[in-house]
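Visitor: I have a chain to look at and some questions to ask. Could you walk me through it?

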Amino acid sequence: MDFGLKYNILRHLLAQGLEVTVLPYDFPVHTVVDQYDGVFLSNGPGDPMQLGAAVASLRQVLQSQSARPDHIKTPIFGICMGNHVLGLAAGLKTYKLQFGNRGHNQPCLDLTSKVPKCVITSQNHGYALDDRVMPQGWAAYFRNANDGSNEGILGGGGVWRSVQFHPEARGGPVDTMYLFDEFAAQVSAFHQVRKQMAVQQSQQMVEQKVPETLIDPFVAYMAARNAVAVSSARAMQ
Ligand SMILES: NC(=O)CC[C@H](N)C(=O)O
């Protein structure tokens with residue numbers, strides 16, 4: 001989702017070997033989410049409260065997938081404005097910081113780390129998520145060690161996550177670039193899950209002769225492949 005996407009984020013996603021479709025800021029992502037292996041929420045300028053359409057659409061994604069086991073939830077990763085949008089969709093609020101956090105040496109505590117861990121981050125934001133009360137199933141991910149503001153959130157057992165800082169920009173050589181590796185790993189794990197589910201569904205479709213047009217294009221594609229495989233296997237019997 002493009003809220004004012006920095007091209008260097010695209011470069012980092014592509015460098016992971018991911019295929020990326022850029023959707024406009026107000027695209028109803030809930031209508032297409034099942035066709036993708038992951039959703040990325042970009043950075044962007046302005047007040048996050050202006051992004052009502054994106055927030056409402058993403059909320060539908062979260063709500064419709066919240067009962068799923070975590071490994072079959074669509075991985076989501078957000079950066080900066082993406083952290084705001086994900087947080088708003090999850091039920092948090094944003095507020096304007098008295099002093100925006102900008103610069104290349106912002107220390108952030110990783111709240112998931114068993115041993116104290118502080119990462120040095122690059123930042124450029126004027127708003128923050130108020131994480132004093134977290135919605136059920138969500139936790140704060142990072143916290144700014146200077147002003148105590150929220151620096152990220154985690155939900156869906158960790159498959160939904162976002163950071164307030166910019167891992168694609170950094171003072172050191174790698175800093176928090178590992179977050180792109182982790183997102184790409186989640187995306188490829190989910191791709192395998194979707195493929196497996198599509199194969200199972202396609203087997204049922206072949207047996208029940210369900211018209212492909214009624215099914216998600218990915219499932220229909222797998223069904224067509226599977227139908228060929230089944231008919232050639234039968235021909236060989
Ligand atoms: N870099 C960003 O994405 C900024 C997010 C938001 N516009 C803010 O100023 O807080």
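**A tour of the chain**

Guide: Gladly. This is a predicted model. Along the sequence, the protein chain runs α-β-α-β-α-β-β-β-β-β-β-α-α.

Visitor: What share of the residues in the protein chain is buried?
Guide: A residue is buried when its relative accessible area is under 20%. The chain has 237 residues, and the buried share is 46%.

Visitor: What share of the contacts with a separation of 6 or more joins residues 24 or more positions apart?
Guide: A contact needs heavy atoms within 4.5 Å. In the protein chain, the share for residues 24 or more positions apart is 69%.

Visitor: Which elements do the buried residues of α2 pack against?
Guide: Helix α2 covers residues 52-65. Its buried residues are A54, V55, S57, L58, V61, L62 and Q65. Residues three or four places apart on an α-helix point the same way, because there are 3.6 residues a turn. The buried residues of α2 pack against β1, β2, α3, β5 and β8.

Visitor: How far does helix α4 reach from its first C-alpha to its last?
Guide: Helix α4 spans residues 178-208 and has 31 residues. At 1.5 Å a residue, 45 Å is expected. The model comes close to that, with a reach of 45 Å.

Visitor: Which residue follows α4, and what is its phi?
Guide: Within α4, the buried residues include L179, F183, V187 and M205. After the helix comes K209. Its phi is positive, near 55°.

Visitor: Is V20 buried, partly exposed or exposed?
Guide: V20 sits in the loop between α1 and β1. Together with L14 and V22, V20 makes a nonpolar surface patch of about 230 Å². Buried means under 20%, and exposed means over 50%. V20 has 31% relative accessibility, so it counts as partly exposed.

Visitor: Which domain does UniProt place at residues 2-184?
Guide: The end C-alpha atoms of this span lie 18 Å apart. The span is 22% helix and 28% strand. The UniProt entry is unreviewed, and its feature there is "domain: Glutamine amidotransferase".

Visitor: How much of the accessible surface belongs to carbon and sulfur atoms?
Guide: Take the whole protein chain. Its accessible surface comes to about 12200 Å². The part belonging to carbon and sulfur atoms is 55%.

Definitions and conventions
Residues are numbered from 1 along each chain as its sequence is written. This is a predicted model: local features need pLDDT of at least 70, side-chain atom pairs count only at pLDDT 80 or more; totals for chains, interfaces and linings use all residues. Side-chain values use heavy atoms; hydrogens and water are left out. Helices (H or I, at least four residues) and strands (E, at least two) are DSSP runs, numbered from the N terminus. The expected span of a helix is 1.5 Å times one less than its number of residues. Buried means under 20% relative accessible area, exposed over 50%, partly exposed in between (1.4 Å probe, protein chains only). Patches are made of residues with over 30% relative accessible area and no salt bridge: like charges are joined within 9 Å, nonpolar side chains (Val, Leu, Ile, Met, Phe, Trp, Tyr) within 5 Å. Accessible areas come from the Shrake-Rupley method with a 1.4 Å probe; for residues, only the protein chains shown count as cover. A salt bridge is a side-chain nitrogen of Lys or Arg within 4 Å of a carboxyl oxygen of Asp or Glu. UniProt positions are given in the numbering used here, feature names are shortened, and annotations may be inferred rather than shown by experiment.
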